[in-house]
Amino acid sequence: MLPFLDSVSTHMDYKGQKLAEQIFQGIILVSAVIGFIYGFITEQFGWTVYIVLAGFAVSCLLTLPPWPMYRRNPLKWQSVQSEISAPEMILKEKPVENTKKSKKHK
């Protein structure tokens with residue numbers, strides 16, 4: 001459809017996901033506290049809602065797109081191993097022995 005969208009990176013690493021979650025929660029918390037205080041002082045609940053919604057919009061703008069700061073720690077993947085046929089795989093598996101001894105109660 002749009003060829004330039006194929007060049008846009010759409011992934012985040014695990015540390016980036018943690019950072020995005022912390023930023024999101026921090027902005028929501030700060031905007032809720034500021035909105036509550038401002039709404040309490042002005043005695044207008046509507047201002048509280050507007051400030052929290054503005055904090056939500058800012059946090060979505062900062063955390064939803066996969067910004068480069070969320071891709072600093074990429075995973076190192078293992079190299080591809082050769083495939084093993086099913087009979088060879090069965091021979092390589094070790095049988096699991098039951099090491100627990102059952103105790104009989106009198």
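At 43% relative accessibility, tryptophan 47 counts as partly exposed. Here buried means under 20% relative accessible area, exposed over 50%, and partly exposed in between, with a 1.4 Å probe and protein chains only. The model is predicted: local features need pLDDT of at least 70, side-chain atom pairs count only at pLDDT 80 or more, and totals for chains, interfaces and linings use all residues. Residues are numbered from 1 along each chain as its sequence is written, and side-chain values use heavy atoms, with hydrogens and water left out.

The protein chain contains three helices and zero strands. Its elements run α-α-α from the N terminus on. Helices (H or I, at least four residues) and strands (E, at least two) are DSSP runs, numbered from the N terminus. Of the 106 residues in the protein chain, 12% are buried. The accessible surface comes to about 10200 Å², and carbon and sulfur atoms hold 65% of this area. Accessible areas come from the Shrake-Rupley method with a 1.4 Å probe; for residues, only the protein chains shown count as cover. Among contacts between residues at least 6 apart in sequence, 70% join residues at least 24 apart. Contact means heavy atoms within 4.5 Å.

Helix H2 spans residues 45–63. At 1.5 Å a residue, its 19 residues should span 27 Å, and its end C-alpha atoms are 27 Å apart, which agrees. The expected span is 1.5 Å times one less than the number of residues. Within H2, Thr48, Gly55, Ser59, Cys60 and Thr63 are buried. These residues cover an arc of only 135° around the axis, which puts them on the same side of H2. The arc is that of the directions from the helix axis to the C-beta atoms. An α-helix has 3.6 residues a turn, so residues three or four places apart point the same way. Tyr50, Leu53 and Leu61 are exposed on the other side of H2. The cover over the buried residues of H2 includes helix H1 (14–42).

Serine 59 is found in helix H2. This serine is buried, with a relative accessible area of 0%. Leaving aside neighbours within four places in sequence, serine 59 is in contact with Phe24, Ile27, Ile28 and Leu64. Leucine 62 also lies in H2. Leucine 62 counts as partly exposed, at 36% relative accessibility. With neighbours within four places again left aside, its contacts are Ile27, Trp67, Met69 and Tyr70. The C-alpha atoms of leucine 62 and isoleucine 23 are separated by 8.1 Å, and the two residues are 39 residues apart along the chain.

A search of the whole structure finds four aromatic pairs. Phenylalanine 24 and phenylalanine 56 have ring centres 6.2 Å apart and planes at 75°, so the pair is edge-to-face. Phenylalanine 24 lies in helix H1 and phenylalanine 56 in helix H2, so the pair ties together parts that are 32 residues apart in sequence. Phenylalanine 24 is partly exposed, with a relative accessible area of 26%. Phenylalanine 56 is partly exposed as well, at 41%. Tyrosine 38 and tryptophan 47 form another edge-to-face pair, 5.8 Å centre to centre with 85° between the planes. Tyrosine 38 is partly exposed, with a relative accessible area of 38%. Ring pairs link Tyr38, Trp47 and Tyr50 into a cluster. Rings of Phe, Tyr and Trp (its six-membered ring) pair if their centres lie within 6.5 Å; planes under 30 degrees apart count as stacked, over 60 as edge-to-face and the rest as tilted.

Phenylalanine 36 lies in helix H1. This residue is exposed, with a relative accessible area of 54%. Its C-alpha atom is separated by 8.4 Å from that of tryptophan 47, eleven residues apart along the chain. Glutamate 43 is found in the loop between H1 and H2. Its phi is near 60°, a positive value in a residue other than glycine. Glutamate 43 counts as exposed, at 68% relative accessibility.

In an unreviewed UniProt entry, the annotation "transmembrane region" covers residues 23–41 and 47–67. UniProt positions are given in the numbering used here, feature names are shortened, and annotations may be inferred rather than shown by experiment. In the model, residues 23–41 are 100% helix and 0% strand, with end C-alpha atoms 27 Å apart. Residues 47–67 are 81% helix and 0% strand, and their end C-alpha atoms lie 31 Å apart.
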